[in-house]
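Subject: Structure handover

Hello,

Here is the structure I promised to pass on.

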Amino acid sequence: MLVVEDGILVAMAIEDALIDRGIEVAVATNLATAEALIAARTPDAALLDLQLPDGLTLDLARALHERGCAVAFSSAFDADAVPASHGFAAQFRKPASPDLLGDWVVASLQRP
C-alpha cells in the first residue's frame, strides 16, 4: 500500500489507520520518492494527494493503474480537477477521514 501525501500529519494519520487494519504502508511526501518506491515494487493500492510540491500525481496514477494498482485521489480541489481520463481512480475530498480512506483500501484489496 502506498500513501503519497505532502502533509506529514495527514500522512501519519492515514498510515496509522491502515496499520490498525493490518496493512503494510509505504509513505512518500513527494513525486520523486513515490516514483522510487514504485520502481522497486508496485503496490496493490495507492492513495494519492493530487497536488504535491513537485507536481501533480496524474501521471503517477496512470502508471499505477496500468500496473493493476487500485488508485484513489485525495484532494482539496473540486472533483473536476481530476480529468475524465482518470475516471479509474476513486476520489475523496479533503479533509477525508483516515478511517474512510482505510475502508476504501481494505475494500480495494479484497477485489479480485
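This is a predicted model: local features need pLDDT of at least 70, side-chain atom pairs count only at pLDDT 80 or more; totals for chains, interfaces and linings use all residues.

Salt bridges

The structure holds four salt bridges. I describe some of them here.

Begin with Glu5. Its place is the loop between strand E1 (2–4) and helix H1 (8–20). Glu5 counts as buried because its relative accessibility is 4%, and buried means under 20%. Its side chain pairs with that of Lys94 in a salt bridge, at 2.9 Å from N to O. This pair links distant parts of the chain: Glu5 sits in the loop between E1 and H1, Lys94 in the loop between E7 and H4, 89 residues apart. The Glu5 side chain also reaches the backbone nitrogen of Gly7, at 2.9 Å.

Lys94 is partly exposed, with a relative accessible area of 23%. Lys94 has another salt bridge, with Asp49. There the closest N and O atoms are 3.0 Å apart. Again the pair links distant parts of the chain: Asp49 is in strand E3, and the two residues are 45 apart. Asp49 counts as buried, at 5% relative accessibility. Through shared partners, salt bridges join Glu5, Asp49 and Lys94 into one network.

Arg21 and Asp99 form a salt bridge as well, with their side chains at 3.4 Å, N to O. Arg21 lies in the loop between H1 and strand E2 (26–28) and Asp99 in helix H4, so this bridge ties together parts 78 residues apart in sequence. Arg21 counts as partly exposed, at 28% relative accessibility. Asp99 is also partly exposed, at 44%.

The cis peptide bond

Look next at Lys94 and Pro95. A cis peptide bond joins them, with omega at about 0 degrees. Pro95 is in the loop between E7 and helix H4 (98–110).

Surface patches

Which residues gather in a patch of negative charge on the surface? They are Asp6, Glu35, Asp54 and Asp59. Of these, Glu35 lies in helix H2 (residues 31–40). Glu35 is partly exposed, with a relative accessible area of 44%.

There is a nonpolar surface patch too. Ile8, Leu9 and Met12 make it, and it covers about 330 Å². Met12 lies in helix H1. Its relative accessible area is 42%, so Met12 is partly exposed.

Residues far apart in sequence

Take Leu47 and Phe92. They are 45 residues apart in sequence and 9.5 Å apart in space, C-alpha to C-alpha. Leu47 is found in strand E3 (residues 45–49). Is Leu47 buried or exposed? It is buried, with a relative accessible area of 4%.

Then take Pro83 and Leu58. In sequence they are 25 residues apart; in space, C-alpha to C-alpha, they are 8.8 Å apart. Pro83 lies in the loop between strand E6 (70–75) and strand E7 (90–93). At 31% relative accessibility, Pro83 counts as partly exposed.

Salt bridges that share partners join Lys94 with Glu5 and Asp49, and a cis peptide bond joins Lys94 and Pro95.

Best wishes

Terms used. Residues are numbered from 1 along each chain as its sequence is written. Side-chain values use heavy atoms; hydrogens and water are left out. Patches are made of residues with over 30% relative accessible area and no salt bridge: like charges are joined within 9 Å, nonpolar side chains (Val, Leu, Ile, Met, Phe, Trp, Tyr) within 5 Å. Accessible areas come from the Shrake-Rupley method with a 1.4 Å probe; for residues, only the protein chains shown count as cover. Lys and Arg count as positive and Asp and Glu as negative; His and the chain ends are not counted. The place of a charge is taken as NZ of Lys, CZ of Arg, CG of Asp or CD of Glu. Helices (H or I, at least four residues) and strands (E, at least two) are DSSP runs, numbered from the N terminus. Buried means under 20% relative accessible area, exposed over 50%, partly exposed in between (1.4 Å probe, protein chains only). A polar contact is a pair of N or O atoms within 3.5 Å; within protein, one must be able to donate a hydrogen and the other to accept it, and residues adjacent in sequence count only if both atoms are side-chain atoms.
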